[in-house]
Amino acid sequence: METTNYEKLILNGINGLPSEALREVADFVYFLRKKTKNPQAFADEHYQNSIIEDLGILDESELRHLEAEFENYEQLYPRR
């Protein structure tokens, strides 16, 4: 299917949707643009968000242990 056909299909599909659904569509479009226009930045952001999410479920003692364990990690193991 040609790009213009996809665009028409999308426009017809969102016509008449409630504002909450349109907000979700807009979020998804933003997600796709970021993913396709700058894949490395998208991968970095996804990686950081995954870490933040995982750290959110740790209790305080586990978090202190991890912080001590990974102290100076960036200097010891820089990204290439």
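Q: Hi! How do helix α2 and helix α3 pack, and at what angle?
A: Helix α2 (residues 19-37) and helix α3 (residues 39-56) pack at an angle of about 120 degrees, and their axes are 5 Å apart. Helices here are DSSP runs of H or I with at least four residues, strands are runs of E with at least two, and numbering starts at the N terminus. An axis is a line fitted to C-alpha atoms, for helices over the stretch in contact, and the angle runs from 0 to 180 degrees between N-to-C directions.

Q: Which residues make that contact?
A: From α2 you have Phe31, Lys34, Lys35, Thr36 and Lys37, and from α3 Pro39, Phe42 and Glu45. Contact means heavy atoms within 4.5 Å.

Q: And what is the make-up of the α2 contact with α3 by class?
A: The contact of α2 with α3 has 3 nonpolar, 1 polar and 4 charged residues. For the classes, Ala, Val, Leu, Ile, Met, Phe, Trp, Tyr, Cys and Pro count as nonpolar, Asp, Glu, Lys and Arg as charged, and the others, Gly among them, as polar.

Q: Before we go on, what kind of model is this?
A: This is a predicted model, where local features need pLDDT of at least 70 and side-chain atom pairs count only at pLDDT 80 or more, while totals for chains, interfaces and linings use all residues. Residues are numbered from 1 along each chain as its sequence is written, and side-chain values use heavy atoms, with hydrogens and water left out.

Q: Good to know. Now aromatics: how many pairs are there?
A: The structure holds 4 aromatic pairs. Rings of Phe, Tyr and Trp (its six-membered ring) pair if their centres lie within 6.5 Å; planes under 30 degrees apart count as stacked, over 60 as edge-to-face and the rest as tilted. One of them joins phenylalanine 31 and phenylalanine 42, edge-to-face, at 5.3 Å centre to centre and 70 degrees between the planes.

Q: Which parts does the phenylalanine 31 and phenylalanine 42 pair tie together?
A: Phenylalanine 31 lies in helix α2 and phenylalanine 42 in helix α3, so the pair links parts that are 11 residues apart in sequence. Another edge-to-face pair is phenylalanine 70 with tyrosine 73, at 5.4 Å centre to centre and 70 degrees between the planes.

Q: Which residues form an aromatic cluster?
A: Phe28, Phe31 and Phe42 form one aromatic cluster.

Q: What is the relative accessibility of phenylalanine 70, and of tyrosine 73?
A: Phenylalanine 70 is partly exposed at 46%, and tyrosine 73 is partly exposed at 39%. The cut-offs are under 20% relative accessible area for buried, over 50% for exposed and in between for partly exposed (1.4 Å probe, protein chains only).

Q: What lines the largest pocket?
A: The lining has 15 residues, and Tyr47, Ile51, Leu55, Phe70 and Tyr73 lie nearest the centre. α3 gives the most, with 4 residues. By class, the lining has 10 nonpolar, 1 polar and 4 charged residues.

Q: What about the second largest pocket, what is its volume?
A: The second largest pocket has a volume of about 210 Å³. Among its lining residues are Ile10, Ile14, Val25 and Phe28. The largest share of that lining, 7 residues, comes from α2.

Q: Where is arginine 79, and what does it touch?
A: Arginine 79 is in the segment after α5, and it is exposed at 55% relative accessible area. Not counting residues up to four places away in sequence, arginine 79 touches Asp44 and Tyr47.

Q: Last one: what is phi of asparagine 72?
A: Phi of asparagine 72 is near 65 degrees, a positive value in a residue other than glycine. Most residues other than glycine have a negative phi. Asparagine 72 sits in the loop between α4 and α5, and is partly exposed at 46% relative accessibility.

Conventions. On a 1 Å grid over the protein atoms alone, a cavity is a set of points where a 1.4 Å probe fits but cannot get out, and a pocket is an open set with protein on both sides within 12 Å along at least five of seven lines; lining residues have an atom within 4 Å of a point. Grid points are joined across faces, edges and corners, and a volume is the space filled by probe spheres set on the points.
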